[in-house]
Amino acid sequence: MTENPNLYLWIIPLLPLTGAAINGFFGKRFSRQAVAGVALTFCGAAFGWALWIVAQFSSLHFPYSQTLATWIRSGSFSVDFAFYLDQLSLVMLLVVTGVGFLIHIYSVGYMWEEGGYYRFFSYLNLFMFFMLTLVLASNYLLMFIGWEGVGLASYLLIGFFFLRDSAAAAGKKAFIVNRIGDFGFLIALFLLIQHFNTLDFQQVSAAVQPFAPETAGAGFLTAIALLLMVGACGKSAQIPLYVWLPDAMEGPTPVSALIHAATMVTAGVYMVARSHVIFERAPSALTVVAIIGALTAFFAATIGIAQTDIKKVLAYSTISQLGYMFLACGVAAFSAGIFHLMTHAFFKGLLFLAAGSVIHSVGGEQDMRKMGGLWKKIPWTFGTMAVATIAIAGIPPFAGFFSKDEILWRAYESNWIFWLVGLLTAFITSFYMFRLLFMTFFGEYRGPIGTEHSHEDHAASHGHGHGGIHESPWVMLGPLVILAVLSIVGGWVGIHHRFDDFLAPVFASNASAATAFEGGAATRSDEAGLETTLMLVSVGAATLGFLLAFLLYNRKPKLPGRIAASIQGLYSAVANKYWIDEFYTWIFVKPLVAVSSVVFWRGIDQGVIDATLDGSADTAREVSDNLRHMQSGNLRSYAGWVAVGATAVIAYMVWIGTR
Amino acid sequence: MVPLSYYLVLSAILFACGVTGFLIKRNIITIFMSIELMLNGVNLSFVAFAAKWHALSGHVFVFFVMVVAAAEAAVGLAIIIALFRTRETLNIDQVNLLKL
């Protein structure tokens with residue numbers, strides 16, 4: 001192996017950390033411009049560094065790893081502070097720093113009127129640090145640090161408006177639900193240590209390679225894979241742990257875009273792709289991944305139909321698209337999953353940012369029923385959002401089409417049921433996204449007249465057009481336009497499977513192991529005809545979704561209400577998110593609270609621990625209370641005690657002497 | 001020759017008188033005198049033993065006790081005077097400010 005140039009990988013995560021520290025410790029005294037400057041400089045520098053690495057791509061030999069120091073050493077087991085770069089982490093690196101940087105720029109404008117400006121950017125930079133640690137880590141433990149860190153940053157940012165009870169509760173919910181997933185992840189790490197005595201990606205991969213796929217269904221590789229899947233379910237909001245993501249929309253919109261759409265929630269997909277060697281040898285675990293992904297994609301999409309909050313629609317859409325990525329991973333099409341991850345980062349980031357721009361322009365209103373007809377007033381926002389909508393709907397030649405099509409094709413190869421569910425989801429996705437677009441931008445304006453722009457929310461320092469709906473400043477529109485361009489061209493890297501080939505070295509073992517249990521996937525050219533057919537079907541589904549949304553929400557706006565009334569039960573089930581939150585409250589939260597308050601709090605804490613401590617203190621006090629009376633202050637009683645004592649001593653000595 | 005036990009019984013009676021006086025009397029001067037009585041009861045037993053065994057150290061002890069008792073009387077009386085000046089009482093039951 002030839003010598004690689006030193007890339008100083010460790011600098012990349014460290015740059016945003018520096019920014020977070022500067023803003024966190026001193027930002028309170030900075031002006032807004034200075035805070036934004038610091039945050040943008042360090043985040044931009046990380047992006048620049050990533051680009052610098054890409055520039056040297058041809059001279060690099062992957063995988064590239066760099067060890068800084070030994071972190072833990074215990075017998076023959078050791079964990080290093082080491083960073084690792086291959087094609088997979090390079091894609092993630094570019095997505096995280098690139099989209100992250102754009103969202104930083106956007107936030108400068110979006111958060112301008114909000115309090116805690118420095119705090120926001122400090123958290124945002126902190127998030128970048130942990131996310132970059134996650135994608136650049138060279139072992140599972142360092143990855144876990146990043147994994148937990150992004151959870152922390154997510155918690156802090158969801159609860160950014162911490163004076164609002166719902167925001168604080170949503171932050172806690174996200175944190176606690178993620179703990180369940182992290183529990184699975186940790187157990188998986190322990191199993192890895194037990195069986196392979198290492199957590200390093202390359203070493204684990206090398207140790208797992210000799211194993212044959214566990215076709216019988218059970219085995220420790222399946223166990224590890226399933227536990228990793230539990231972790232991924234928590235972080236990437238899959239059934240049954242998805243409930244935190246819709247609530248996470250309490251955070252500021254750029255946070256939803258960066259953390260809860262583009263980067264953090266895709267960490268689970270990245271982790272599964274990173275562990276592909278294990279998953280390939282555990283086919284039953286892969287099937288579970290595919291089923292969970294398909295189910296999540298479908299159910300989240302159906303919930304998305306009936307939401308009226310613009311951000312909630314996007315949140316369920318995110319869950320649904322993450323389901324697609326898991327479906328891709330589940331059918332061993334890891335590169336398709338990562339491809340969709342990338343395009344999704346572009347168009348979903350854009351959708352959230354554009355939604356933020358809409359919310360900004362109508363003065364904080366998030367209910368789509370109170371919008372409408374906005375396209376003339378905010379044309380740039382409308383244009384970019386339309387691009388993103390077409391991209392997510394999967395209409396060529398926009399980005400979402402290529403990645404989604406790739407996933408559907410690979411799903412069809414594996415099992416046509418997965419393909420059918422994916423296709424239905426694509427149809428629903430197209431429907432609810434165009435519904436969002438029509439409700440927001442077309443028809444009549446349904447909001448309050450004259451007071452569209454609430455001046456309480458936006459301080460008097462608002463630099464531009466007061467009164468009425470207005471376009472966002474260019475600091476916000478710029479990132480929108482760039483992301484819109486990426487949403488159009490981002491998918492073109494997938495033409496002729498170039499993206500697939502790019503990632504092929506990472507998933508090299510993929511082919512051999514995958515064919516082993518798929519019964520030999522045929523070569524690509526043979527399947528070209530089938531692929532084209534499937535492509536046409538999925539485009540047809542997307543178009544159908546568009547037409548239905550056009551009919552219902554543009555031509556005949558009265559119709560949706562009537563349809564909803566005619567299928568009352570089903571509609572209320574969907575609108576209430578299938579009562580999953582209520583179900584969890586009854587099954588898990590309430591019993592847990594009851595057990596905690598009765599057994600752990602009143603029983604153990606108060607009954608045993610407090611009782612022991614208080615009891616010993618009480619005993620000591622009672623004893624001393626009685627002994628205190630010896631100190632009466634009466635001289636004669638003292639003398640009496642002395643006399644009694646002396647008599648006792650003499651009596652004892654006499655008794656000794658006469659014995 | 002008076003037997004030794006006579007002396008010792010007298011000594012014990014004197015000491016017991018001193019103890020009893022110390023315990024039952026309230027006047028601090030009386031208590032003081034009771035202490036002297038106890039000391040002298042002990043002194044008597046010392047000299048009785050010294051005479052019995054023809055040993056000189058018993059006499060020496062008695063002189064020591066007398067000297068210490070004289071010094072103690074000087075200091076004790078000074079304390080009593082100081083006490084009387086501040087509290088205007090010699091009743092020991094009323095001098096209990098330091099109790100818990």
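The model is predicted. Chain B meets chain A through 9 of its residues, which contact 10 residues of chain A. The largest nonpolar core has 211 residues.

- On chain B, the side touching chain A comprises 6 nonpolar, 1 polar and 2 charged residues.
- D93(B) sits in the segment after α3 (57–87) of chain B.
- Beyond its neighbours within four places in sequence, D93(B) contacts N634(A) and R26(B).
- D93(B) counts as exposed because 11 other C-beta atoms lie within 10 Å, and the cut-off for exposed is 12 or fewer.

**Nonpolar core**
- F127(A) and L327(A) have the most contacts inside the largest core.
- Setting aside neighbours within four places in sequence, F127(A) contacts V150(A), A153(A), L157(A) and I259(A).

**Cis peptide bonds**
- Most peptide bonds are trans.
- I239(A) and P240(A) are joined by a cis bond, with omega about 5°.
- P240(A) is in the loop between α8 (220–235) and α9 (244–247) of chain A.
- The bond from P396(A) to P397(A) is also cis, with omega near 5°.
- P397(A) falls in the loop between α16 (379–393) and α17 (399–414) of chain A.

- N197(A) has phi of about 60° and lies in the loop between α6 (165–196) and α7 (201–208) of chain A.
- N197(A) is partly exposed, with 14 other C-beta atoms within 10 Å.
- A237(A) has phi near 55° and lies in the loop between α8 and α9 of chain A.
- A237(A) is buried, with 30 C-beta neighbours inside 10 Å.

Definitions and conventions
Residues numbered from 1 in each chain as written. Chains lettered and ligands numbered in written order. Predicted model: local features only at pLDDT ≥ 70, side-chain atom pairs only at ≥ 80, totals over all residues. Contact = placed C-beta atoms within 7 Å. Nonpolar A, V, L, I, M, F, W, Y, C, P; charged D, E, K, R; others polar. Helix = DSSP H or I, 4+ residues; strand = E, 2+ residues; numbered from the N terminus. Buried ≥ 20, exposed ≤ 12 C-beta atoms within 10 Å, placed from the backbone. Core = buried A, V, L, I, M, F, W, Y, C linked by C-beta atoms within 7 Å.
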